[in-house]
Amino acid sequence: ETVDDGRTGFTFPVGDHEALADHLLLLIRDGQRRGALGRAARPRLLRRFTEGRQIESIASAIREVVVARTAGAR
């Protein structure tokens, strides 16, 4: 949901260690590509991951745990 494959980063199947290694090597070797990905990703991340959103996300997770444990204790 955060990465636009090839534009703001790379995606690959879970557990595909070879694909991960290939992407990491590409980024190590190609500073221009690395910079372009970072420049493209930054505005998107700043919009999506504001401090307020992060706080609300954490608070929501805590509420879910508390409700689940409270319901289980009954």
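Here is a short talk about a predicted model and the terms used for it.

Colleague: What should I know before we start?

Modeller: Residues are numbered from 1 along each chain as its sequence is written. In this predicted model, local features need pLDDT of at least 70 and side-chain atom pairs pLDDT 80 or more, while totals for chains, interfaces and linings use all residues, and side-chain values use heavy atoms, without hydrogens and water.

Colleague: Where does H2 bend?

Modeller: At Ala41, by about 30°, with Pro43 following within four residues. The bend is the angle between axes fitted to the seven residues ending at a residue and the seven starting there.

Colleague: What makes Glu56 and Arg63 a salt bridge?

Modeller: The term asks for a side-chain nitrogen of Lys or Arg within 4 Å of a carboxyl oxygen of Asp or Glu. Here the N to O distance is 2.5 Å, and the pair qualifies. A search of the whole structure finds 1 salt bridge.

Colleague: Why is Glu56 called partly exposed?

Modeller: Buried means under 20% relative accessible area and exposed over 50%, with partly exposed in between (1.4 Å probe, protein chains only). Glu56 has 42%, so it counts as partly exposed. Arg63, at 45%, is partly exposed too.

Terms used. Helix = DSSP H or I, 4+ residues; strand = E, 2+ residues; numbered from the N terminus.
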